[in-house]
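This report describes selected features of a protein model, from its domains to its packing and chain contact. The structure is shown first.

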Amino acid sequence: MKPSKSVGIVGYGAYVPKYRIQNTEIARVWGNDPNLVPIREKSVPGADEDSVTIAIEIARNALLRAGIDPKDLRAVWVGTESKPYAVKPTSTIVAEAIAATPFVNAADWEFACKAGSETVQACIAYVGSGMAKYALGIGVDTAQGAPSDALEYTAAAGGAGYIIGSAKESLAVIEGSLSYVTDTPDFWRRQHEHYPKHGNRFTGEPSYFKHVVSSSKALMEELGTKPEDYNYAVFHQPNRKFPLEAAKILGFPKEKVIDGLVSPYIGNTYAGSALLGLAAVLDKAKAGDKIFCTSYGSGAGSDSFSLEVTDKLSDRKVKAPSVKSYIERREEIDYARYARYRKKIRM
Amino acid sequence: MDDNVAVIGVGLGKVGEHWEKSLRDLAIESIWMAFEDSGIDKVDALYVGNMSSGPFVEQEHIGALIADFAGLGPIPAVKVEAACGSGGAAFIEGYMGVKSGMYDYVLVTGVEKMTDVLPSKTTSILANASDRDYEAFHGVSFVALNALVMRRYMHEFNVKREDLSIFPVISHKNAPFSKHAMYRKEISLEAVMNSPIIAEPLSLMDCAPICDGAASVILCSEKKAREFTDAPIIVSGVGLATDTLGVHDRKHMTTLSAAVEASKKAYRMAGVTPKDIDIAEIHDAFSIMSALSIEDMGFAKKGQGTKMALEGQHYIGGDLPINLYGGLKARGHPVGATGVYQIGELVYSLRGDGRVDAERGLAENIGGSGATISVCVLERGD
């Protein structure tokens, strides 16, 4: 799918909370084998952080890079599955905080881990149709992992956001985007439940791999591109293993994936995951590089994007903190502080 | 009916995590395979071995369901339930249907669809086979019960854990050959020993996997069977026995009394002794169950159930090859279907699959922690 007007990324921003808990610490508490943990460590939001505060940090970083007037944004969309309010938009708080109100469309999007990439695709359409000069889409989460559940090792906090504008102003031009969706119940959280449930191995082959691979193949087919045409590939990263396996199936060598693979160091930031990986790649990319990106959301579906970096990236990427700087800014905490920050102790 | 009962058709569906197939899909697939194998296309009755279709897929009344969807017509069709021993129990019901002269052709289908629920629920559903008031209610799962029995066995007979963990290695040795097996690969003793502990001393690879599967066999009289083949496989002896539902009520928690009783009945009916058995399909849901079964069916003295295993006698070429298609551990253990898989696999081996030249074999199917056990002796009719 291509918009009628050529569009691209004008600015992008990322944010990762500074606290980290090691996987071995989680394994120690639950008596599990420390050698069988999925990643090294994951990010933990501080006591006063939530999806709103993280989204605001992301939006501010994106504005720093874009260098635009926030009043020119016609959309502030936030994709998340950790909304502080069940009913009341996250996006209005973000829009207000960055002074984008009142002539702006603000809404929260939900599709598990692909809610963020959906907002970006909608921004492409919004700007591409001529309805908006600029639109901001953010993917952010403070993901919930039930105590002792397998997902507790990876459920992390963070995200990234993208301001979409005309191609001529862009640091990376969007060549096309496509979605692939089926009704596949691999992971869910019902209303009033604190933690999600998941179908164990069902989350792999019929869910993650089927959707990521099908969506990626379909977009490349539509654009007439091949894995060899790309310098980087980014996939939704629930752990370290899945994105590397998806890349292998599609024919992307590990070297093209590793720069965007942030989950081993900060965990799975859910709706922020693929977008954060893309931000890490943009931090590194240079003019002319081609980037392929596919998200995955349980339920289930994938959004794929094909991008080409312009010469505007080098000046803009230094205007806000890089993903690497957020990864390196870390303070390790034990399970007790983690339990406090994540409100796992309920009376 | 004075005539013998024979197995003339076998259909063993691929065991695995079949998220895209329903219970009825699995059952019907195996039925079609059995019809194709037998050369007939209709039967007089259907017995379905199944443990927990209600809790697993919220579907009961599956005798009628499967008869309907398999297009079997208005034949009698009922579900037989004896926990993990449902398949073997259903097979014996089918055997009686033919042996009594009531039916000419009987279809026995074992089916279980276990992967539609979350693992915590699976553990709870399986615990329904224990004594709910005195075992499961207190939080004792099936793995825990088997771990208790294993610990006691190791203590009583001074047996090391690694001596018991050889059984999964034996079952997996035959798995690459087994087209319908879930895990078609060999595993090492080290891999079993180093796999994560589930309930000490049982580790992950001491336990058969949770999975989906369906198996069907078709029975008729030997006389009718000879219209289709010169080498029918004869069911020469069957035995089914029960024991206390709870492990704590047993005089000896390391003896499967039902295996002792059921095997005696089956041997007597077949006119054989354990020495006459060439191959065996053993209910290796947990490593400890293999050792107890070997002893209590008369292949070894009490406390000596691991001896032949350690000597390599249970591999192909040994004195008593076991689990020639992977057993529960490698083929998989779709609980209510397992007993029918075992019969089908025994038929394959006796027909001759190029690996063993066996005259006679035995299949042992256990329900719960040994409260129901069936033993069936099959032999070549050529």
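## Domain organisation of chain A

The domain bounds used here come from an automatic or database domain assignment. The model itself is predicted. On that assignment, chain A is divided into domain 1, which comprises 7-171 + 314-341, and domain 2, which comprises 174-312. The C-alpha centres of domain 1 of chain A and domain 2 of chain A are 16 Å apart.

## The domain contact

Between the two domains of chain A, 50 residues of domain 1 are in contact with 45 residues of domain 2. On the side of domain 1 of chain A that touches domain 2, at least two residues each are supplied by strand 1 (7-15), strand 3 (41-44), helix 4 (115-128), strand 6 (134-142), strand 7 (157-166), helix 10 (313-317) and helix 11 (323-328) of chain A. Helix 4 of chain A gives the most to this side, with 6 residues.

By class, the side of domain 1 of chain A that touches domain 2 has 22 nonpolar, 16 polar and 12 charged residues.

## A mixed sheet in chain A

In chain A, 3 strands form an open sheet in the order 3-2-14, and their pairing is mixed. Strand 3 and strand 14 (331-332) of chain A stand at the edges with a single partner strand each, so one side of each is left without a neighbour in the sheet.

Strand 2 (residues 19-22) of chain A pairs with strand 3 of chain A in the antiparallel sense, over 4 bridges. Q22(A) stands opposite E41(A), which is in strand 3 of chain A. Helix 1 (residues 23-30) of chain A lies across strand 2 and strand 3 of chain A and runs at about 55 degrees to strand 2 of chain A.

## Helix packing in chain B

Helix 6 (residues 142-157) and helix 12 (residues 287-296) of chain B pack with their axes 9 Å apart, at an angle of about 55 degrees. Helix 6 of chain B is therefore oblique to helix 12 of chain B. The crossing of helix 6 and helix 12 of chain B is left-handed.

Helix 6 of chain B makes this contact through N146(B), V149(B), M150(B) and Y153(B), and helix 12 of chain B through I288(B), M289(B) and A291(B). The residues of the contact between helix 6 and helix 12 of chain B divide into 6 nonpolar, 1 polar and no charged.

## Contact between the chains

The contact between chain A and chain B takes 7 residues from chain A and 5 residues from chain B. The side of chain A that touches chain B has, by class, 3 nonpolar, 1 polar and 3 charged residues.

Definitions and conventions. Residues numbered from 1 in each chain as written. Chains lettered and ligands numbered in written order. Predicted model: local features only at pLDDT ≥ 70, side-chain atom pairs only at ≥ 80, totals over all residues. Nonpolar A, V, L, I, M, F, W, Y, C, P; charged D, E, K, R; others polar. Pairing = 2+ DSSP bridges. Axes fitted to C-alpha atoms, helices over the stretch in contact; angles between N-to-C directions. Parallel < 35°, antiparallel > 145°, perpendicular 65-115°, else oblique. Left-handed = near helix turned anticlockwise from the far one by under 90°.
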